Amino acid sequence: MTAINVGRSPVWRVGGRYLVECGGVGRAAMALTAFGRWRFKWFADMGIMAFHCDGVYKYSRNFTDMKLILIGAPGAGKGTIAKLLSTEDGSVQISTGDILRSAIAADSALGRKAGEHMRRGELVPDDLIMALMESRLQHADCANGFLLDGFPRTIPQAEALNKLLGKLNIVLDMVVNIEVPQAVVLDRLTTRRTCENPTCQEIYNIKSKPPLVAGICDRCGSAAVQREDETEDAISQRLQIYNEKTAPLIGFYEGHGLLVNVESTSSEAVIRVVMDELERGR
Ligand SMILES: [Zn+2]
């Protein structure tokens with residue numbers, strides 16, 4: 001057997017045929033397009049995909065209904081990891097920023113209230129956030145699982161979320177704490193540069209992914225600059241707030257038996273640990 005790779009999916013070549021091992025529809029479809037000689041079937045009700053090969057169905061693993069919370073300091077890579085995980089399993093990524101923006105865009109009663117606070121430059125109060133979260137978690141797309149990215153941020157929010165999940169009869173699979181040393185976070189964020197063109201916003205890193213011409217976006221030619229909240233002072237301040245308000249969540253969820261600590265500086269490694277944990281728990 002020879003292992004080759006289609007995207008991130010392991011693909012095994014067996015006697016001139018290809019065996020695809022994958023955990024998500026997107027990857028499976030990609031692999032099938034590349035090697036389009038197999039029949040496949042999607043059992044939506046069971047959340048699994050089956051590949052038909054030589055008279056045998058090979059099943060993909062089922063991660064389609066995982067319900068997770070991701071916590072980690074600014075710069076720990078929560079957003080990137082959330083995106084990769086939700087691509088993997090078809091779950092939805094939910095952040096408070098997204099639900100606030102969509103409630104305001106939809107001009108709902110809650111959205112209008114939230115908008116008033118934001119226009120005055122105030123934090124949106126927790127009870128309003130919880131009401132928005134309650135309606136978001138009841139959308140049909142959450143049935144395939146969801147991933148809360150950067151929420152809750154404080155112990156009172158975590159307590160309110162526990163009550164809400166109980167009321168909605170939703171059971172969390174796990175809370176993933178992404179641990180990255182603060183020195184790494186500081187280095188990662190202060191070396192980041194963002195294209196200032198609002199329709200582009202391409203992200204660079206002067207160490208690992210510099211633009212071809214220093215300070216100029218490769219894609220659109222606008223200036224690639226350091227964001228105000230990514231200077232060393234601003235980041236130190238964000239890390240301090242995180243340590244005060246959000247880090248106590250680690251103990252909170254540990255007490256609830258839900259915590260999985262992942263010490264890592266690579267998104268791929270974090271995802272591997274989460275997948276293995278989910279598989280073990282089922
Ligand atoms: Zn650009």
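**Questions on the predicted model**

Modeller: Of the 282 residues in the chain, 25% are buried. This is a predicted model, and the chain has ten helices and 14 strands.

Colleague: Which strand has the lowest confidence, and what is its mean pLDDT?

Modeller: The chain averages a pLDDT of 76, and 72% of the residues score at least 70. Confidence is highest in strand β13 (residues 224–225), at 96. Over residues 1–63 the pLDDT is below 50, although this stretch has 91 contacts in the model beyond near neighbours in sequence. The strand with the lowest confidence is β4 (residues 39–43), with a mean of 34.

Colleague: Among contacts between residues at least 6 apart in sequence, what share joins residues at least 24 apart?

Modeller: The count takes contacts in the chain between residues at least 6 apart in sequence. Of these, the share that joins residues at least 24 apart is 61%.

Colleague: Are α3 and α4 roughly parallel or roughly perpendicular to each other?

Modeller: Helix α3 (residues 96–106) packs on helix α4 (residues 109–119) with axes 7 Å apart and an angle of about 115°. Angles of 65 to 115 degrees count as roughly perpendicular. The relation of α3 to α4 is therefore roughly perpendicular.

Colleague: What is the handedness of that crossing of α3 and α4, and how many charged residues does the contact have?

Modeller: The crossing of α3 and α4 is left-handed. On α3 the contact is made by L100, A103, I104 and A106, and on α4 by L110, G111, A114 and G115. By class, six are nonpolar and two polar, and the number of charged residues is none.

Colleague: How many charged residues are in the contact of α5 with α6?

Modeller: The axes of helix α5 (residues 126–136) and helix α6 (residues 155–168) come within 11 Å and cross at roughly 35°, and the crossing is right-handed. D126, M130, M133 and E134 of α5 meet P156, Q157, A160 and L164 of α6. Five of the contact residues are nonpolar and one is polar; the charged ones number two.

Colleague: Is L189 buried or exposed?

Modeller: L189 lies in helix α7 (residues 182–190). Leaving aside residues up to four places away in sequence, L189 touches G75, E230 and I235. E230 is 41 residues from L189 in sequence, with the C-alpha atoms 5.9 Å apart. L189 has 22 other C-beta atoms within 10 Å, and a residue with 20 or more counts as buried, so L189 is buried.

Colleague: What is the C-alpha to C-alpha distance between L239 and V185?

Modeller: L239 is in helix α8 (residues 232–246) and is partly exposed, with 18 other C-beta atoms within 10 Å. Not counting residues up to four places away in sequence, L239 touches A73, P74, Q182 and V185. L239 and V185 are 54 residues apart in sequence, and their C-alpha distance is 9.1 Å.

Colleague: Which peptide bond is cis, with omega near 0°?

Modeller: Most peptide bonds are trans. P152 is in the loop between β9 (146–149) and α6. The cis bond runs from F151 to P152.

Colleague: Is D107, with its positive phi, buried or exposed?

Modeller: Most residues other than glycine have a negative phi. D107 has a phi near 55° and sits in the loop between α3 and α4. With 9 other C-beta atoms within 10 Å, D107 is exposed.

Terms used. Residues are numbered from 1 along each chain as its sequence is written. This is a predicted model: local features need pLDDT of at least 70, side-chain atom pairs count only at pLDDT 80 or more; totals for chains, interfaces and linings use all residues. pLDDT is the predictor's confidence in each residue, from 0 to 100. Helices (H or I, at least four residues) and strands (E, at least two) are DSSP runs, numbered from the N terminus. Two residues are in contact if their C-beta atoms, placed from the backbone, lie within 7 Å. A residue is buried if 20 or more other C-beta atoms lie within 10 Å of its own, exposed if 12 or fewer, and partly exposed in between; C-beta atoms are placed from the backbone. Axes are lines fitted to C-alpha atoms, for helices over the stretch in contact, and angles run from 0 to 180 degrees between N-to-C directions. Angles under 35 degrees count as roughly parallel, over 145 as roughly antiparallel, 65 to 115 as roughly perpendicular and the rest as oblique. A crossing is left-handed if the near helix is turned anticlockwise from the far one by less than a right angle, and right-handed if clockwise. Ala, Val, Leu, Ile, Met, Phe, Trp, Tyr, Cys and Pro count as nonpolar, Asp, Glu, Lys and Arg as charged, and the others, Gly among them, as polar.
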